[in-house]
Amino acid sequence: MSIVKPAENNANGSEMSSWAKTLILTVLGRMVGTKLIVLWESRHRSRFETNAATREATWVKALILALSLSFFALFLLMPLAAVFSEALRKGWEAYWLALKEPDALSSIKLTLMTAAIALPLNLVFGVAAAWCVAKFEFRGKQILTTLIDLPFSVSPVIAGLVFMLIFSTQQGWFGPLLRAYDLKIVFAVPGIVLATVFVTFPFIARELIPLMQAQGREEEEAAVVLGANGWQTFWRVTLPNIKWGLLYGVILCNARAMGEFGAVSVVSGHIRGMTNTMPLHVEILYNEYNFAAAFAVASLLALLALLTLAIKSWVEWKAEQTAPPEARTE
Amino acid sequence: MTKWNAIMSIEVRDIYKQFGNFIALDNVSLEFPSGQLTALLGPSGCGKTTLLRIIAGLEHADRGAVFLEGENATGAHVRERQVGFVFQHYALFRHMSVFENVAFGLRVKPRKQRPSEAEIREKVGALLELVQLDWIADRLPAQLSGGQRQRIALARALAVEPRVLLLDEPFGALDAKVRKELRRWLRRLHDELHITSIFVTHDQEEALEVADSVVLMNRGKVEQQGAPDAVYQHPETPFVYGFLGAVNYFHGRAEEGRVRVGDTLLHAEAAPDAHGLASGANVTAFVRPHELAIVSADVPDPVGVAAKITRIMGFGAAARIELVGLDAEAQHFEVEMSREQLASQNLVEGQSVRLTPSRIKVFEREANA
C-alpha cells in the first residue's frame, strides 16, 4: 500500500517544483510502503521454492528480479541519491548554512512541533476509536468505520479547504467568533496542527482495528471476571496485546505528519519563519531557484524518512520475534 | 422456595433474554445445589452458554434475577460477583507467562486486599501443583498444549477463590483422548474442592459421566433437571429421550396400553407408561437401539414392525445392525446386540425381519407435530 499519495498538489508548482515534490514525497511515502526489502531476505526460503515441482524456471525468477531491481533503482534509489547529491553540490559548508538559516530552522521546529502535537492526539483518538469498533456492538458502527477512512479518501487539499471554510476569520463559519476573541486558527500553527491531525487520523485506528478484532473480547472478559477494573484491563491486557501494532501505526502516522504537504499548504498561508513546515519551505526555496538550500532541507526530510523506515523494520522484526511460537499439540 | 435458599449457591429466576428476534432464554428458572457439579446440556443455540454468561454477569438478562449464595446479584458488576469463569478457548493472557496468568486475579485486587509478593508466589505455586503443571510456570500460553491451557485457565479462575465456578464448553476444543482424561481429572478435582460448579456442554456422554446433576435445555427452555441416571432412565420429554442417546422412534396410535403402528402392534405386552393414554391418541414410541429386538418374520400373526436388514456391523463390543422399514416411509432403524446374539440369530443383509422392543417410552404427539 502506498502510504502517501505522491504529487498530490500541482496547483501552483512549476514543472521543476512538482518534480521536487514528487521526489520528496516518493522518498517519504513510497519507500515506507514498498516491500522491496523483502527481496533481500532469503532466510524465509519456503518449501514452495525448494520443491522442484512447484519451482519456477530460473530465467523467470531472474527476469522478475531484474525487473523489480531496476524499477527499484530507477524510481527509488535514483531520486534519493539525487536529493543528497543536489543538496551537497555546493559543499558541506553551503549545506550546513542552508540548514542553519533562521527560516529553515523555524520550519524544522514547526514540523517537529506539529508532529509532536498531532501524534499524541491521534494516539488517543486512534486507540479509542479502534477500541470502540473492535470491542463493542452498536448502531452506526459501519458508519464510524467508514468515517475513520475519510481522511484517506479525500484529497488533502480538500481537507485543508474544509478547515479554511470553517475557521477562516474572513468568511469561515466561526469567523465572527474568532474575530471577536482575536483568535487565529488558519494561517497559524493551530490550523497546521488541525490539518495534520485530520490527515493522519486513520493510521493508528486502521492499524489497530483488525488486530483488536482478531484478538476478540475474551481476554478482556477474563480479566474483568478476575476482578480487574477498566484501567487495569486496558493497561495489563489490551495494551500489551496491541503494543507492536500501535507502535507501527505511530511510526506511519509520524512519517505522514512530517511529510504532509497538501492540507498544510492550504491552511498555512506560507508565512516565512512562522507558518512554514519543512515541505512548504522546500517548495518556497525551490520556487526561488535556491536549489541547493531546497535540496538541503529536502535531504533532511529524506533522512527522517530513512530513519522512520529503519525503525519500522526494527518494529516489524521485533514483533515477529515476540510473536508466540507455533502451539505445540499433545 | 425460600427454605432452599440456605443451600442453593446459584439460583436464577425467570431469566428472559432476546437477541434481535431470537429468544435465547425463555423464562428460565433453575436452582443449582451447593457443592455440586452441574452440567448444562443441550444442542448449540439452546441458550446454555448465554445462561452461563448471565450468571457470570458477562451478559445482561432482559428480565429475571440471579442469586448467588442467596443474595441478589442481578445488578452486581462482574467484578463483584466473585465467580470463576473458564472460557471455551481459555482466553489465557497470551503475553503473560503461565505463572503471571494464574497470579493475575491476585495482582489486580485493590491495594488493601492484595496479598504480598511472597503470598502470591506461594498461592500460585500451590494452584499450579493442584493442576499438576508447576513445571511449566515460565512458559507462555502459546507453548502449551490444549489440555494444559485448559488446566491453567482453571487454576487462574480458582486463584481468586470464587464462590462458584462456571465452565463454558471446557472440553470443546480438545481431541477425543485428552477430553476423556480431562473429564476424569475435572471430576476428581471437584471431589477435592467441592466448589459449586456449572459446566456447559453439548456432549451428552460428557454430561452424564462427569456431573452430579444434569440440566437439559432446548430452545431457551429447561426440559428436565435431575441426576444423570434419573434423566437417562426417565426422560420426561421426547427431546430429552432423543438427546441422551441413539434412538429409534415409531409413530402410531395408542391401543389399550400398546402402540399400533400401521396395521401391526409394535409389541405384544402393554407398556407401563402407555396406560394413561386414551385409545386412538397419536403417539410416538421411543426405543433405544439395545432395547430393540429382531425377531423372525416367518411366524403366523407376527408382532412388530416389518423391516429389512441393510447393513450389519460386527466390530466392537456390540454389533450394530441397520434396517429400513418396509412401509412407504422407509424409515431407518438401528439395533444393537451382542456378537454372540448376532451369531445365534443367523442374520444376513437383505433379510426381512420384524422389530419389537423390549422396553419403550411413549409420548403423546402434539396435534401439530
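Okay, so before anything else: a residue counts as buried when its relative accessible area is under 20%. Keep that cut-off in mind, and remember that this is a predicted model.

Let's start with Phe163(A). Its relative accessible area is 11%, so Phe163(A) is buried. It belongs to a whole set of buried residues in helix H8 of chain A, among them Pro156(A), Gly160(A) and Phe167(A). That helix runs over residues 156–167, and from first C-alpha to last it reaches 17 Å, close to the 16 Å expected. What covers its buried residues? The cover includes helices H9, H10, H12 and H13 of chain A.

Now, rings. The whole structure has 21 aromatic pairs over all chains. One of them joins Phe163(A) and Phe198(A): edge-to-face, 5.8 Å centre to centre, with 80 degrees between the planes. Phe163(A) sits in H8 and Phe198(A) in H10 of chain A, so this pair ties together parts 35 residues apart in sequence. And Phe198(A), at 24%, is partly exposed.

Over in chain B, have a look at Phe239(B) and Phe243(B). Their planes are at 20 degrees and their centres 5.4 Å apart, so we call that pair stacked. They're four residues apart in helix H10 of chain B, about one helical turn. Phe243(B) is buried too, at 18%.

Back in chain A there's an aromatic cluster: Trp131(A), Phe136(A), Trp231(A), Phe234(A) and Trp235(A).

Last bit: charges over rings. In chain B, the charged end of Arg151(B) sits over the ring of Trp185(B), 5.8 Å from its centre. Arg156(B) lies over the face of Phe93(B), at 4.6 Å from the ring centre.

Technical notes. Residues are numbered from 1 along each chain as its sequence is written. Chains are lettered from A and ligands numbered from 1 in the order in which they are written. This is a predicted model: local features need pLDDT of at least 70, side-chain atom pairs count only at pLDDT 80 or more; totals for chains, interfaces and linings use all residues. Side-chain values use heavy atoms; hydrogens and water are left out. Helices (H or I, at least four residues) and strands (E, at least two) are DSSP runs, numbered from the N terminus. The expected span of a helix is 1.5 Å times one less than its number of residues. Buried means under 20% relative accessible area, exposed over 50%, partly exposed in between (1.4 Å probe, protein chains only). Contact means heavy atoms within 4.5 Å. Rings of Phe, Tyr and Trp (its six-membered ring) pair if their centres lie within 6.5 Å; planes under 30 degrees apart count as stacked, over 60 as edge-to-face and the rest as tilted. A charge sits over a ring if NZ of Lys or CZ of Arg is within 6 Å of the ring centre and within 35 degrees of the ring normal.
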